[in-house]
Each structure stands twice: as structure tokens, then as C-alpha cells.
Amino acid sequence: MYKFALAGNPNSGKTTLFNALTGSTAHVGNWPGVTVDKREGTYRKTDEPVLVVDLPGIYSLSPYTQEEVIARNYILDERPDCVINIIDATNLERNLYLTTQIMEIDVPIVIALNMIDVVEKRGDNIDVKELERRLKIPVIKISALKGKNVDKLMERALESCKQKRKGETVIENQELRHLIGDVKIALEGQGVKDPLFHAVKLAELDELEVVMHEGTVSMVQNFKKTFSDTTFGDDFEGLVADGRYKYITKYFSPTLKRKNAEKFVVTPSDKADKVLTHKIWGIPIFLLILFAIFHVTFSENFLYLGAFISPEWVSLAGTPFEGVFGAGAINSPGVSLMGLVEVLTGFITEAVAGWLAPSPEWVQGLVLDGFLGGIFAVLGFLPQILVLFLCFSILEDSGYMARIAFILDRMLRKFGLSGRAFLPMIMGFGCSVPAIMNTRTLADDKEKIATIRVIPFFSCGAKLPILTAVAGAIVASANVGNVDLITYGMYLLGVLTALISVLLMRSTSLKGETPPFIMELPAYHLPQFRNLMVLLWEKAKHFIQKAFTIILASTIVIWFISHFSFHWEFLPDESIDQSILANVSMLLQPIFTPVGFGSQLSQSGWVFVVACITGLIAKENVVSTLGTLAGCLSLTFVGDESGVSAVSTMITATGITVPALLSFIAFNMTTIPCFATVAAAKGELHGKRTFNFTLLFWIATSFIVSSAVYVIGSWWWTSFIYLAVVVVIFLLFKLKKIVKRG
Ligand code: GDP
């Protein structure tokens, strides 16, 4: 079977083309050893089926990111029969930069000139014949979205892969060509495959290449010495990149004939940008959009219609769906979906409870509290996690997030970060693990360390149940605020904590220049429904898998150690305060006194300590633990397993106050994140000291932030003391600067 690889820039339409080619045959795996998705599928319309492998989206074949290394090694080592290089025709020059690198490899290539529908709609034209002549590679105009010419592309690829192709370079600089030619001959002598590609990279002293051809490096240096000192300067990489761009502007750019070359065309995208990326209004609009997202996800008074409707219309009183879609007002889609899941889980719990009624008390406890209580407490939040994730994916796919990175660049710069750091941070709202891996795109090491440390403060999907459950319980029992406002406020608190800590780090231990931020903005486009659904499905699958493995195991362990004493005798629910778990946690309880959920709580107050600790394994555990323990604490607890009611039970059982509950959220949001995130951070932070300091930083931040929330929340006037401390720190910084200058 033939094997074709798809290579191209991010956003060039690779996924769309891949889906069009492979349809339902596609499957997703991982590239060996890394968490980058590897997609493969079969194209069946030719006589012989073709295996299509989707390489990660990349801008070049340099070894700066994991994606680049994967794509490069795949083409060089796995030797696909043909590389289909997909190009976004609306961004011809930038996309061809990658092409000039791939074409140096001895591999058959065809170019898929994608999004041609957009080019044609604008009335522009690309001279394909001229491009082909220059590149000596077949170029096919396609529209992956509309399926246009996709089969023709595959025909041309099949023809091409039957012929051998030698690598070619576009670098025209005479001396450079000479040097590369010498190195290439030397490599050919050693029997190296793809000698031209390796010769160019060796001349650049590319990291991977230097390791691979260690023996040849000194020879390359000697070749360089045969030219005069000033011929190349010392930035070889820059020189090569410059050579590529020169060729592209000289020969490739003119193949694009614009209809309105002289006139500056204002596209709808530009018009939208006038408003959305406005100098002053850009950030408030972004905050408003964020609030709208939280409103859709969390609000129990959707669109504030509560004032206009009568409670009977929506409460569905007397049916199993009572309160699902609203009580005094209409629930937002996120809350309604959550209500539906809770009806279902409540129904299951009741059925199981009825079924188990004749069995011994401990069996009922283990199944209802240990098994179901914990899992159902977190599963209920799956809809909200998905709604939130969907909204963020739409913002990202549409091209809006990239613009926010730009608007925020100016502001972030004041804190010592570039706009580029914003993208991994915002990814943190989904999950910290990929977000931390994404920091590889940050060129500056100190900026990267600072970013990794604050990513967990961008509250992830797994922390969402904590926020919603606690906020819901606050609203239900203390009758204050709206759930959406509380959650939004807590999310913003996380962001604020991140910004302040970055500022402190960048002006003390991680001082350094903030690198410039250059990025091409893609035009706005409607996200693809299918892609969004695939993303949602993956997210849901991951969450459910986690619920039935890690979280289930944790809740069962929690149930056992909360029902046995140190003498291994079984304790009924009423005596849970004498359990192993209670005794150990009570020892730790005083540590949490400054943050409001320590020794000041009444006898069962240790449950919050346990929740924080199990949260270190996975943050979903915080609520599932409370769910399991609530089942044991409240003796009348039947059927309703939702996280909200678990926290409500805890309020009654422990007497925890509202400020302490907010502090509990803040603590879990800013403390050491889950195992998976810690491991990812460890992988990215080089050096034991940096890593240990990071752990310490998380512990310290969580205590500082949550104690401030608790203290200010409990005694409002203490805010003046905090303010005074902030002012003193600020003045000290200023003073230090003045002394230094003086
Ligand atoms: P990837 O990042 O390279 O995988 O890019 P995607 O396949 O996700 O495509 C990026 C965006 O471009 C999506 O919104 C697609 O719908 C859109 N797109 C892809 N191909 C075409 C095309 O041929 N024409 C148009 N108009 N849009 C396209």
C-alpha cells in the first residue's frame, strides 16, 4: 500500500483535507513517546488504497518544536511515497517557506493549493503553471472544504510517487550554494540519504543535525574558513532563511495577481477587526464575551428572564424533571444539561438503592457512597465542562483568540510577558497538560518558566466542578449572588493571581527582556461543525475514562479508610469521625486554619482537608471526595448525588462560612495542580531546583491567595491592611530601582 504524508502550516486546512480524503477510516493515535495526535486513514478511490498520514501542523523543519521534529523525522526516516504539501493560497508566501525546506529532501512532492475558492471569490488569480515551473513540483488548486479537485490531487500524487525525485534548493547566494554543494558532496561520499537537506541543515549548525553527523561538523567549519571572514557573518540560520524569503518574494509572489492590487481592499474580516481589536474597547469586549460564555454555562437566570416569567412555566413541578430547566427563572443550557444528567444519575442511584435494600449496611454504603456517590458527583458536571470547552474552541477556531493575544500583547508586556504566552495560558482553561507543552513555542526560557508556573491558575475543566458545586451551594444555602457571577469572579481571580505572580517573578528571580511577538493573523472563519464535535467527543471520552479509573479508585479508597478505625473495625456512618481518614486529616487540619477551613470548623471539618489532598491526584477528586463523604455524613441522604448538594451537606455538617468556601475554591485553583500537570511541568522545566521552586511557589501562592480571600471576606476592613502591604511592596520596588539608578 502506498503511504502519503500530509504536511503544511497550522490552519492551512490539513484536517479538512485529511477528513475529505479518509472519511470514516481515520483513527487517532499518538506519535511515539509524545502526546501529539497522530492521525492515519485510508484513501480508497484509486485502484490501490493509499494510507494517508496527517503530520502535525508546522511552519518549518527546524527542530524548535516537538511538532517540527516529528514531521521532519517522519519524512526523513519513514520515507513516505509522496509528501502532499498543503498550502493556504490566501497566505501564499508564508506557506511556501515550509515548501522550500521540504523540497530539499529527495522525496516526491505534490502541492495542494488549498482555499482556492477564497482566492477566486476575491477575484484574484494564481499562475499555477509558473509556480510549477519554478518549483519543478506539480501544483493542484483545491478546495478541501468543498471537496474540489481532491481526487485529482491524489491522481497526481500517485503519478509523482512512481518517479524518483532529487532535492532542490532555492537558495541563490553564490557562496552559500558553493558551501552547501561542498558539504553535500562530502555527505554523499558517506552514503548519507537526502544529502542536500542535511547539507543545508549542517551549514546552519542545526541542533539535530550536529548530533547526527558529529564527525562532519568540523569539516563544515573548515569549509567555511575557506571563505573570507565577512562572507557569511555568524548567523547562518538567518542567512539561509533570508535566501529562502528572497526567492519567494522574487519568483513566487508575482504568481499571485490581485484583482484590486492598487486599492486596499477592506474585507469583512477587517471590518470585524475594527471593532473586536479596538485599542480601547478590545479588552472590555473580550471580558464581556468571556462573561457571556460563563453565563451560558453556569447561569440559573438565563438572559435574566427571571423577572418576566412565572415560575410555574418552567419548573415542571410534579414531574421527574422538576427544576431541570428552571425554577424561578430559566436555566442556561449548561445548567439545564447538568440537571438532565442529574435526573438520570438520581434515577440510577435510587434504583440501585432499592435493589440493595436487603443487603448489609456496609455493602449499601460502599456501592452507594464509595462507587456511585463519588463518580456521579463529578459526572454531573460533564455537560458544563463541554459547553465551556465548546465556547473556547469556537473562539479559538474562528481566529479570535489569536487576535486577543495581539491586543493583550501590549498589556502583558507590562507584566513581562509577550502576547505569545497568552495562547498557552488560555489553553489552560481546557487542561493544563497540553497548555504546558505548548509553552515550547516560547523562545525565551525565563518567560517559559514564568508561564508554566501560572498556567494552573487558569482554572481547567477538572476544576470546574469545584467552582460550580461550591458556588451552587453558596447560592442555595446562603442565598447570595448568582452562580455565574461567582464562578466568573473566581476565574478572574485566577487570572489576576497569574498576572501578579508573573509580574513579581519577572522583576525578581526571572528577570529578562520580553521577546517581540510577531504573528500572522488568519482571516476570521466559521469553525467547522464536524471538527468541533470530534473535539468535544474526545474531551468527553477522556473525562469519562478518568471518572471510571482514577476517580473511582480514589473514592473507593476514601470510602474504606473513612469506614475503618486504626483497629480495623468497621465503622458505621455515624462514627466516621473516628476513622483512619478523620484522624490523619485532623492532624493536618490546623495548617488550613489561616485559610478558613481548618480547626475553626466543627467536628467533621476535616473533610475539606481530605478533598484538597485527593485533589492532588486529579482535581475532579475534590468534589467526588466531598460527594462520597457527604453520603456518609448526612444520614438522610438518599438519591440526590449532585456535587452541589454534597457541598450543601458539608455546610450544614461543618458550619463552614461563605468566605471560607470561596477561599476553598481559590486554594484548589492555585495550589499544586494534579499529578499529570506536575509531571508535564517537570518534563518542561529543566533543572531540579527550578522544579522544586515551582512546587514551593504553588504552595505559597495558594496559601497567600486563599487566606486573603478568607480574611477579607470575613472582615472587610482588613482589605485596607492588604492594600497597605501592596503599596509598601510597590514602593520598595520603586525604591530599589531608584537606588540602582543612583
Ligand atoms: P488545519 O489547522 O491545517 O488542520 O486546518 P483546518 O482543516 O482546521 O482548517 C482551518 C479552517 O480553514 C477551517 O475553518 C476550515 O473550515 C477552513 N478551510 C479548510 N479548507 C478550506 C477551503 O478549501 N476553503 C475554505 N473557504 N475554507 C477552508
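**Figure 1. Gly 399 follows helix α17 with a positive phi.** In this predicted model, Gly 399 comes after α17 and has a phi near 100 degrees. Helices (H or I, at least four residues) and strands (E, at least two) are DSSP runs, numbered from the N terminus. Helix α17 covers residues 382–397. How many of the 16 residues of α17 are buried? The number is 12, and α17 is mostly covered. Buried means under 20% relative accessible area, exposed means over 50%, and partly exposed lies in between (1.4 Å probe, protein chains only). Among the buried residues of α17 are Leu 382, Pro 383, Phe 389, Cys 391 and Leu 395. The end C-alpha atoms of α17 are 22 Å apart, which agrees with the 22 Å that its 16 residues should span at 1.5 Å a residue. That expected span is 1.5 Å times one less than the number of residues.

**How the model is read.** Residues are numbered from 1 along each chain as its sequence is written, and side-chain values use heavy atoms, without hydrogens and water. Because the model is predicted, local features need pLDDT of at least 70 and side-chain atom pairs count only at pLDDT 80 or more, while totals for chains, interfaces and linings use all residues.

**Figure 2. Asp 206 and Arg 72 form a salt bridge.** A salt bridge is a side-chain nitrogen of Lys or Arg within 4 Å of a carboxyl oxygen of Asp or Glu. The closest N and O atoms of Asp 206 and Arg 72 are 3.0 Å apart. Asp 206 sits in the loop between α8 (195–203) and α9 (207–212), and Arg 72 in helix α2 (residues 66–78), so the pair ties together parts that are 134 residues apart in sequence.

**Figure 3. Glu 130 has salt bridges to Arg 133 and Arg 134**. For Glu 130 and Arg 133, the closest N and O atoms are 3.3 Å apart. These two residues are three residues apart in helix α5 (residues 128–135), separated by about one helical turn. For Arg 134 and Glu 130, the closest N and O atoms are 3.4 Å apart. That pair is four residues apart in helix α5, again about one helical turn. An α-helix has 3.6 residues a turn, so residues three or four places apart point the same way. Glu 130 is partly exposed, at 23% relative accessibility. Arg 134 is partly exposed as well, at 26%. Arg 133 is exposed, with a relative accessible area of 53%.

**Figure 4. A nonpolar patch lies on the surface**. Among its residues are Leu 496, Ile 500, Leu 504, Trp 715, Trp 716 and Trp 717. Together the patch residues have about 1,100 Å² of accessible area. Accessible areas come from the Shrake-Rupley method with a 1.4 Å probe; for residues, only the protein chains shown count as cover. Patches are made of residues with over 30% relative accessible area and no salt bridge; like charges are joined within 9 Å, nonpolar side chains (Val, Leu, Ile, Met, Phe, Trp, Tyr) within 5 Å. Which elements give two or more residues to the nonpolar patch? They are α23 (483–507) and α32 (718–741). The largest share, four residues, comes from α32. Leu 504 belongs to helix α23. This leucine is partly exposed, with a relative accessible area of 38%.

**Figure 5. Thr 694 is buried in helix α31**. The helix covers residues 688–714. The relative accessible area of Thr 694 is 0%. Leaving out residues up to four places away in sequence, Thr 694 touches Arg 453 and Leu 685. Contact means heavy atoms within 4.5 Å.

**Figure 6. Tyr 245 lies in helix α11**. This helix covers residues 236–252. Tyr 245 is partly exposed, at 41% relative accessibility. Where does Thr 100 stand relative to Tyr 245? Their C-alpha atoms are separated by 9.3 Å, although the two are 145 residues apart along the chain.
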